[in-house]
Amino acid sequence: MSDKDKIFIFDTTMRDGEQSPGASMSLEEKIQIARIFDELGIDIIEAGFPIASPGDFEAVTAISKILKNSIPCGLSRASKKDIDACHEALKAAPRFRIHTFISTSPLHMKHKLNKSPEQVLDAIKESVTYARNLTDDVEWSPEDGTRTDMDYMCKSVELAISCGATTINIPDTVGYTIPSEYTKIITTLKNKVPNIDKAILSVHCHNDLGLAVANSLAGVQAGARQVECTINGIGERAGNAALEEIVMAIRTRNDLMPYTTGIKTELLSKASKVVSNATFPVQFNKAIVGKNAFAHEAGIHQDGMLKNRETYEIMTPESVGVKKTSLVMGKHSGRHAFKEKLNDLGYADVTDDIIQTAFGKFKILADKKKHVYDDDIMALVDDSLITDNQVNAINLKSLKVFAGTGEPQKAEMTLDVYGEVKSTSETGDGPVDAIFKCIKVLYPHDVKLLLYQVHAVTEGTDAQATVSVRIEEKGKTTVGQAADTDTLVASANAYLSALNKMIIKRKKTAPMEHETQKVKGI
Ligand code: KIV
Ligand code: ZN
């Protein structure tokens, strides 16, 4: 056992992270993410906001049943109905946390809640006491904490602890604070709240000024022992503090931050991929998990690296699970070798069905492509994990595209729409437009295309392309991704994936749409 202070890692990818536009995840994706988070060593997983929608409720319930190590948590406002929904969704887990919050800044109390400071104190007392009667593990957050009057914050924190809160989380809801100010807030709470030793202090920072990680680490150095964060830093607006950055900063600069976390850092890259597959791609220069995070382009850097890695490398790619791209598999590789390869790449726990599907795709790919790299294999396994776990309403049967100069571009497409096979042929402003038009004709719908993005998975003209598509319908957004050596096939499948998710979302949110919008608009 290390004698260093432990920093608890509280992940909110599936709650605050999901609140970022385009990041909504299906139940299957959330379950897949939760399994990886459990293995990664995350201490507490905030799996959703159970009152917000039937989909959130269902996800929190399902995740609570499968976690082996992590503690599941649900979010609730200061209301008995919210807390009851949390309890109901979490109660299958042997241990669980209820996280309840209310705004405490003058601005929020007046304009958002229309409550006086005294009324807010009453609500804190009532909600924390109520939650504590349902579990011993209660977290309380003063929303907009960093714009709250400090004396009032001390008073409300003391009250929440005396009513049974065991974790006190101080959110920088609007990403407004800076490290020195946040240090002062945490230090003041430690010095002025008489019962502060009965709770763990937690930090929760948003990234509007690009300071979320710096602020979180400042909070830890001032005495906080829990960090709330998300994989890839996804979250409302500019996002939340990125889990992988917090953990690797603590590990790399342990000389200045002598703490431990329970995170198995070698799984960070895998966790990042699974989250980005379900949400949106990670920027190339993103710290720790971006494609370029360990790439050295300049000749002088490459020369230094060859002489001694430490010249330009403060942590190894292996420490975050980045494997060197290697040429390993070809069309003669068998199922056994493929399974071994998946083990090496960190996919030891995938089911035989997924291996079978991925192996079939691998054989097709190996026929088309001269070099099959690790990244290619990972892309097609991730694709199989996401698509094969859910029954899609609409599936691509065949696609032919006529492109080039002169003629208008044309696509011929056959789709299976709810079991009925339908075909059409459409022209468009470019091949992608023609493909999307075919889908619209075969399954009439009215969505807005917000994003269409193509990435090459590996190098070379025969590389697999991963296409991301984000669509919007009545304020709801979904993201679809697909990989194929044919960019146009990947484009059709990515659009269909986003559309299939939208169909699921329509069904799941319809009965409580009004409530969802109200809640998500916090
Ligand atoms: O940013 C915030 O204030 C939150 C709270 C609900 C904890 O996410
Ligand atoms: Zn937040």
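Ligand 1 sits among ten named neighbours in this predicted model: Arg15, Asp16, His99, Phe101, Ser141, Glu143, Pro171, Thr173, His204 and His206 surround it, a residue being near a molecule if one of its heavy atoms lies within 4 Å of it. Residues are numbered from 1 along each chain as its sequence is written, and ligands are numbered from 1, with chains lettered from A, in the order in which they are written. Local features need pLDDT of at least 70, side-chain atom pairs count only at pLDDT 80 or more, totals for chains, interfaces and linings use all residues, and side-chain values use heavy atoms, with hydrogens and water left out.

By class, the shell around ligand 1 comprises 2 nonpolar, 5 polar and 3 charged residues. Strand 5 (97-103) and strand 6 (138-143) each contribute at least two residues to this shell. Oxygen atoms of ligand 1 lie 2.9 Å from a side-chain N or O atom of arginine 15, 3.1 Å from one of aspartate 16 and 3.0 Å from a polar side-chain atom of histidine 206. Taken alone, ligand 1 exposes 270 Å², of which the protein buries 97% (Shrake-Rupley method, 1.4 Å probe).

Beyond its neighbours within four places in sequence, leucine 40 is in contact (heavy atoms within 4.5 Å) with residues including Ile231, Ile263 and Leu267.

Technical notes: A polar contact is a pair of N or O atoms within 3.5 Å; within protein, one must be able to donate a hydrogen and the other to accept it, and residues adjacent in sequence count only if both atoms are side-chain atoms. Helices (H or I, at least four residues) and strands (E, at least two) are DSSP runs, numbered from the N terminus. Ala, Val, Leu, Ile, Met, Phe, Trp, Tyr, Cys and Pro count as nonpolar, Asp, Glu, Lys and Arg as charged, and the others, Gly among them, as polar.
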